[in-house]
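The following note concerns the pockets of the model shown here. Its points take each pocket in turn.

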Amino acid sequence: MTVTRSIALFVLAALFEIGGAWLVWQGWREHRGLWFIAAGVIALGAYGFVATFQPDANFGRILAAYGGVFVAGSLAWGVVVDKFRPDRYDIIGALVCLVGVAVIMYAPRH
């Protein structure tokens, strides 16, 4: 159950961080207004809190592992929201990152 909860928290964190950054991008670069920027800032702040619920107590480990989730999540966001088509190297890179996440977070430790 701990691994399932951890994965769910990583997914939620990715939604907040990537979604927040996307909202800021839309507000500023696409001239959609300050409400988009404000919503993005709130989402980015929420991302910071979600990470604190991870079962591991080591900030550095959580953030390092989340980096891999962010890479894969950003590509997935691009596919779903921006109709981006990743090439095979994008996909291979994202898989490598996710393997890194698994090693960092879920390897047996004493």
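1. In the second largest pocket, α1 provides the largest share of the lining, five residues. Both α1 and α3 supply at least two residues of this lining; helices here are DSSP runs (H or I, at least four residues) numbered from the N terminus.

2. The model is predicted: local features need pLDDT of at least 70 and side-chain atom pairs count only at pLDDT 80 or more, while totals for chains, interfaces and linings use all residues. Residues are numbered from 1 along each chain as its sequence is written, and side-chain values use heavy atoms, with hydrogens and water left out.

3. The second largest pocket holds about 160 Å³ of space. A pocket is an open set of points on a 1 Å grid over the protein atoms alone, where a 1.4 Å probe fits, with protein on both sides within 12 Å along at least five of seven lines; lining residues have an atom within 4 Å of a point. Volume is the space filled by probe spheres set on the points, which are joined across faces, edges and corners.

4. Among the residues lining the second largest pocket are Trp 22, Trp 25, Trp 77 and Asp 82. Its lining comprises six nonpolar, two polar and one charged residues (nonpolar: Ala, Val, Leu, Ile, Met, Phe, Trp, Tyr, Cys and Pro; charged: Asp, Glu, Lys and Arg; polar: the others, Gly among them).

5. The largest pocket has a volume of about 240 Å³. Of its 14 lining residues, Phe 10, Val 11, Ala 14, Val 69 and Gly 73 lie nearest the centre. The lining has 13 nonpolar residues, one polar and no charged.

6. For the largest pocket, α1 (2–28), α3 (59–81) and α4 (88–106) each supply at least two lining residues, and α1 gives the most, with six.
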